[in-house]
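Here is a short report on one protein chain. Look through the sequence and the structure first, then read on.

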Amino acid sequence: MQRGYTYIGLLVIVVILGLMLTVVSRVWTMTVQREREAQLLWVGHAYRNAIASYYVHGGQFPQSLQQLLQDDRSPVPLRHLRQLYPDPMTGAADWTLISDPTSQHIMGVASSSKATPIKRKGFELGDAVFADTDCYCSWQFVYWPRRFGAPLPSGVTLPPSTAPGPANPGPFNPGSNTSPSGGGLLTPGTTMPLPPSTRPH
């Protein structure tokens, strides 16, 4: 009889340990996903600002992301982005590129992940359209240079043929002009600092 009680007690302990491991696994998975979300926002902002810097410098969007690393349109080549970052949600350089309808050049990037975001609200103003989206692929980091008088970096002007005019009609997409810290666009030729580590220890 005593052996039977001992066996049942061991079964109960095993079940409890299994439940605890399941809870810990779920918490860890959520923590990792939140970390990747934070990295996606940082990297997305870096790409958006690099594209903005490239556009402001020459009045056109880049034809490839590689041009953000080496802009040869001026006597002194400019570097708008420190490196080409992978998509934190997939771990691969498989960004969905958002094209300018006129030139078909790159005006933004979006994650290719179809996973559902944990973050649903509390975004910065420039990312307000990300709220309550169903997949990370809807987090589109786009620079809109002529929407609603988008500001230019301090001390930078566009050539007359590309100077922003009156606001264009159409739906408002505010995502564009803020840096990762909310401090505005980068001056052309500068690069984003490396992202702070958010990995739990």
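## Terms and model

A residue is buried if its relative accessible area is under 20%, exposed if over 50%, and partly exposed in between (1.4 Å probe, protein chains only). By that cut-off, buried residues make up 40% of the 201 residues in the chain.

The model is predicted: local features need pLDDT of at least 70, side-chain atom pairs count only at pLDDT 80 or more, and totals for chains, interfaces and linings use all residues. Residues are numbered from 1 along each chain as its sequence is written, and side-chain values use heavy atoms, with hydrogens and water left out.

## Overall layout

Helices (H or I, at least four residues) and strands (E, at least two) are DSSP runs, numbered from the N terminus.

Contact means heavy atoms within 4.5 Å. Take the contacts between residues at least 6 apart in sequence: 62% of them join residues at least 24 apart. The chain exposes about 11500 Å², and carbon and sulfur atoms supply 61% of that area. Accessible areas come from the Shrake-Rupley method with a 1.4 Å probe; for residues, only the protein chains shown count as cover.

## The nonpolar core

In soluble globular proteins, nonpolar side chains tend to be buried together. A nonpolar core is a set of buried Ala, Val, Leu, Ile, Met, Phe, Trp, Tyr and Cys residues joined through side-chain atoms within 4.5 Å. Here the largest one has 33 residues. Tyr-47, Leu-68, Leu-81 and Trp-139 have the most contacts inside it. Two or more residues come from each of α1 (2–58), β2 (106–110) and β3 (140–142). The most come from α1, which gives twelve.

What does Tyr-47 contact, leaving aside its neighbours within four places in sequence? Its partners are Leu-65, Leu-68, Leu-81, Leu-84, Tyr-85, Trp-95 and Val-109.

## The hairpin

Two strands pair if DSSP finds at least two bridges between them. Strand β1 (residues 96–99) pairs with β2 in the antiparallel sense, over four bridges. Leu-97 has Val-109 in β2 as its bridge partner. Together β1 and β2 form a hairpin, with six residues between them. In the turn, Gln-104 has a positive phi of about 65°.

His-105 also sits in the loop between β1 and β2. Is this residue buried or exposed? His-105 counts as buried because its relative accessibility is 18%. Not counting residues up to four places away in sequence, His-105 touches Phe-61, Pro-62, Gln-63, Ile-98, Ser-99 and Asp-100.

## A buried aspartate

Asp-71 lies in the loop between α1 and β1. Its relative accessible area is 1%, so Asp-71 is buried. Beyond its neighbours within four places in sequence, Asp-71 is in contact with Tyr-54, His-57, Pro-77, Leu-78 and His-80. Asp-71 and His-57 are 14 residues apart in sequence, and their C-alpha atoms are 9.6 Å apart.

## The disulfide

A disulfide is a covalent bond between the sulfur atoms of two cysteines. The cut-off used here is a pair of cysteine sulfur atoms within 2.5 Å. The structure holds one. Cys-135 and Cys-137 form it, with sulfur atoms 1.9 Å apart. The torsion about their S-S bond is about -65°, so the disulfide is left-handed. Cys-135 counts as buried at 10% relative accessibility, and Cys-137 counts as buried at 18%.
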